[in-house]
Amino acid sequence: MTTIGLIRHGSTAWNKEGRAQGHTDNPLDAEGVQQAVLLAERLSTEQWDYLYSSDLLRARQTAEVIATRLGMEIAGLVPGIREMNAGQIEGTTEQDRVERWGSEWKKLDLGLESPEASEIRGSQAIEDIAEKHPGSRILVVSHGAILRSSLRRLFPELNVTVLLSNTSITRIIKSDSTWNCELYNCARHLKI
């Protein structure tokens, strides 16, 4: 049985401003660092064997806080779990997009990564990590949209319409070739 804890990075200034981050390499804000500390404390009561992160700064910073608290190294930076490419809308708010492209902007080709492409990319990266460490307990720090896309591919029956909270953990388990979702979008460490 292989267990993977999928973690969304801590908050950033752009999260609070409602800006599309995509591949923009934004750092955590002060609250995001504190969220990562609270998550790391929660995870310190559990056994984890490996820690992976997206190669984007906000995920790496979250993973570094966890690695320090758990006394482990980051096993690798995985471009396959980086956030979905937001194309021309990166850095914009909904209001910016409406002003620039009109209220029907979602129907335009603005260079966004397609949902299908992100589902394939993210779920394959998760499968690859699981195959590399069968029978292990693995933490993966990533991003909200790519995690939801990956989960949609791995668990078509799972309702992933709810946005993942910053530093939430979703725990999935692979037994033989079957995945099960044991915990979804849990951020109880933030309510302490």
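This is a predicted model: local features need pLDDT of at least 70, side-chain atom pairs count only at pLDDT 80 or more; totals for chains, interfaces and linings use all residues.
H9 sits in the loop that runs between strand 1 (2-8) and helix 1 (13-17). In an unreviewed entry, UniProt lists R8, H9, G10, S11, T12, A13, W14, N15 and R58 under "binding site". Of these residues, R8, H9, W14, N15 and R58 are included in the lining of the largest pocket.

**Residues of the recorded site**

- H9 has a relative accessibility of 1%, and because buried means under 20%, H9 counts as buried.
- Not counting residues up to four places away in sequence, H9 touches N15, Q21, R58, A59, T62, V141, S142, H143, N166 and T167.
- One of these residues, R58, is also joined to H9 by a polar contact between the two side chains, at 3.4 Å.
- W14, another residue that UniProt lists for the site, lies in helix 1 and is partly exposed, with a relative accessible area of 22%.
- When neighbours within four places in sequence are left aside, the contacts of W14 are R19, A20, Q21, T24, N26 and G91.

**Nonpolar cores**

- The largest nonpolar core has 19 residues, and those with the most contacts inside it are I4, L6, I126, V140, I172 and W179.
- Two or more residues of this core come from each of strand 1, helix 5 (115-132), strand 4 (137-142) and helix 6 (144-154), and helix 5 gives the largest share, with 4 residues.
- I126 is in contact with I4, L6, S150, L154, I172 and W179, once its neighbours within four places in sequence are left aside.

**Helix 3**

- Helix 3 (residues 57-70) has 14 residues, which at 1.5 Å a residue should span 20 Å, and this agrees with its end C-alpha atoms, which are 20 Å apart.
- The buried residues in helix 3 include R58, A59, T62, A63, I66 and A67.
- An α-helix has 3.6 residues a turn, so residues three or four places apart point the same way.
- Strand 1, helix 2 (30-43), strand 2 (50-53) and strand 4 are the elements against which the buried residues of helix 3 pack.
- After helix 3 comes G71, which has a positive phi near 65 degrees.

Notes:
Residues are numbered from 1 along each chain as its sequence is written. Side-chain values use heavy atoms; hydrogens and water are left out. UniProt positions are given in the numbering used here, feature names are shortened, and annotations may be inferred rather than shown by experiment. On a 1 Å grid over the protein atoms alone, a cavity is a set of points where a 1.4 Å probe fits but cannot get out, and a pocket is an open set with protein on both sides within 12 Å along at least five of seven lines; lining residues have an atom within 4 Å of a point. Buried means under 20% relative accessible area, exposed over 50%, partly exposed in between (1.4 Å probe, protein chains only). Contact means heavy atoms within 4.5 Å. A polar contact is a pair of N or O atoms within 3.5 Å; within protein, one must be able to donate a hydrogen and the other to accept it, and residues adjacent in sequence count only if both atoms are side-chain atoms. A nonpolar core is a set of buried Ala, Val, Leu, Ile, Met, Phe, Trp, Tyr and Cys residues joined through side-chain atoms within 4.5 Å. The expected span of a helix is 1.5 Å times one less than its number of residues.
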